[in-house]
Amino acid sequence: GSTIGILGGGQLGRMLAMAAAQLGYCCHVYAPDGDSVAADVSAGFTCAPYDDTGALAEFAAACDVITYEFENVPVAPLPSLGDTPLRSPARALEIAQDRLAEKRFVEQHGGTPAPFMAVENEAEFTAALERIGTPGILKTRRDGYDGKGQWRIMSPRDTEDLTLSGKQLIYEGFVDFTAEFSVILVRGLDGEIRFWDSAQNDHSSGILSRSVVPAGAAVASQVPAARELAARVAEALGYVGVLTLEFFATEKGPVFNEMAPRVHNSGHWTIEGARTSQFENHIRAICGLPLGLTDTIVPAVRMDNLIGEEANDWLSLLADPANHLHLYGKAEINPGRKMGHVTRLLTDGHG
Ligand code: ATP
Ligand code: MG
Ligand code: MG
């Protein structure tokens, strides 16, 4: 069989490797942390820093195709992968890992982000506060996830304790949204695009807590425009694989939040709830196989993340026959850490 290389060692890589195994592929994980829940279910593991060009070259030589499950893999060392194809493309990674580049790129393709300004010093922050006002959110341009590296500025007084000292930041206006949703698509090697139903997403303290399909009416009316944008972005990038765009549904239409050049937490419901999961279709796409159908196979689906201590309850969750329990096999429970998720197939929107 062929070998799929995965850059990144977390639960997304784990679920990709499980989908790949079903189709007869072996996976080889590359991650800097020796404690990898993706490597636990894979045939090969290279534990090395992302900028170790020798280790990257050796890894690539052992793989037929390479993908990534972590959007902050540094782009500069990736040419060391040589001739082994990287799917999704490095350009998608480069754009998605910088909030400033990402918002500009999406704007160029007709999308509407929240008002934003780059901030690297006090003067730029003052200018951004004057132009955009409060409330707003100051975010690190790079490396943020699960709401980390963000400071909510409810009033100008909240800026007093902040020291900016040359960090690359972005200040964006706070969006008054009715709901949040995501568009998840898969694009095949031949350019064909398929969408899953959009989930309505609830966050708590910046972390996704629940995704529900179908989304409510306020979201449903905005999905077509959001899909058009996502498809334009995918085409412009020559994208192959699963791509996610996060949106706020507002009275003025969909406001783009951010994109992820990978499978997404808000698509975990597709494992049981869709004809083909996001993980399987990502594997199909990067391997040049025909894509599977993406339609939802039940009237409604709900996915709840198990964050930190919530996973301690797993035995009672397992005892409920309506639950599909997924545990990621992480050794340590930390507050705010994604430990697993539970999916329920519902007969209507309220089960
Ligand atoms: P992820 O884990 O999704 O990558 P992240 O750290 O990149 O998270 P964001 O998606 O930027 O963070 O923000 C996390 C959440 O914070 C959003 O889903 C939303 O609930 C809230 N949020 C972020 N930016 C804004 C904004 N401009 N206006 C209103 N709410 C926001
Ligand atoms: Mg993000
Ligand atoms: Mg997000």
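Helices, here meaning H or I runs of at least four residues in DSSP, are numbered from the N terminus, and the tour of this predicted model begins at one of them.

Select helix H9, residues 278-286, which is mostly covered, with nine of its nine residues buried. Colouring the buried positions will pick out Gln278, Phe279, Glu280, Asn281, His282, Ile283, Arg284, Ala285 and Ile286. Step just past the end of H9 to glycine 288, where the backbone takes a positive phi of about 75°.

Next, colour the chain by its domain assignment, which gives domain 1 (3-86), domain 2 (115-173) and domain 3 (179-346). The centres of domain 2 and domain 3, taken over C-alpha atoms, are separated by 28 Å. For comparison with the record, select residues 103-287, which UniProt lists in an unreviewed entry as "domain: ATP-grasp"; this span is 26% helix and 32% strand, and its end C-alpha atoms lie 30 Å apart.

Centre the view on ligand 1, which is surrounded by 16 residues, the closest being Ala114, Gly144, Tyr145, Val175 and His203. The shell divides into five nonpolar, five polar and six charged residues, and domain 2 (115-173) and domain 3 (179-346) each supply at least three of its residues.

In soluble globular proteins, nonpolar side chains tend to be buried together. Here the largest nonpolar core has 84 residues, of which Ile6, Leu16, Ala230, Leu245 and Phe247 touch the most other members. Select alanine 230 and show its contacts: setting aside residues up to four places away in sequence, alanine 230 touches Val183, Leu185, Leu243 and Leu245.

The last stop is alanine 39, in the loop between strand E2 (26-31) and strand E3 (44-47). Is alanine 39 buried or exposed? Alanine 39 has 24 other C-beta atoms within 10 Å, and because the cut-off for a buried residue is 20 or more, alanine 39 counts as buried. Leaving out neighbours within four places in sequence, the contacts to display for alanine 39 are Gly9, Val29, Ala31 and Phe45. To finish, draw a distance from alanine 39 to valine 119, which is 80 residues apart from alanine 39 along the chain; their C-alpha atoms are separated by 38 Å.

Technical notes: Residues are numbered from 1 along each chain as its sequence is written. Chains are lettered from A and ligands numbered from 1 in the order in which they are written. This is a predicted model: local features need pLDDT of at least 70, side-chain atom pairs count only at pLDDT 80 or more; totals for chains, interfaces and linings use all residues. A residue is near a molecule or strand if its C-beta atom, placed from the backbone, lies within 6 Å of it. Ala, Val, Leu, Ile, Met, Phe, Trp, Tyr, Cys and Pro count as nonpolar, Asp, Glu, Lys and Arg as charged, and the others, Gly among them, as polar. Domain bounds come from an automatic or database domain assignment. UniProt positions are given in the numbering used here, feature names are shortened, and annotations may be inferred rather than shown by experiment. Helices (H or I, at least four residues) and strands (E, at least two) are DSSP runs, numbered from the N terminus. A nonpolar core is a set of buried Ala, Val, Leu, Ile, Met, Phe, Trp, Tyr and Cys residues joined through C-beta atoms within 7 Å. A residue is buried if 20 or more other C-beta atoms lie within 10 Å of its own, exposed if 12 or fewer, and partly exposed in between; C-beta atoms are placed from the backbone. Two residues are in contact if their C-beta atoms, placed from the backbone, lie within 7 Å.
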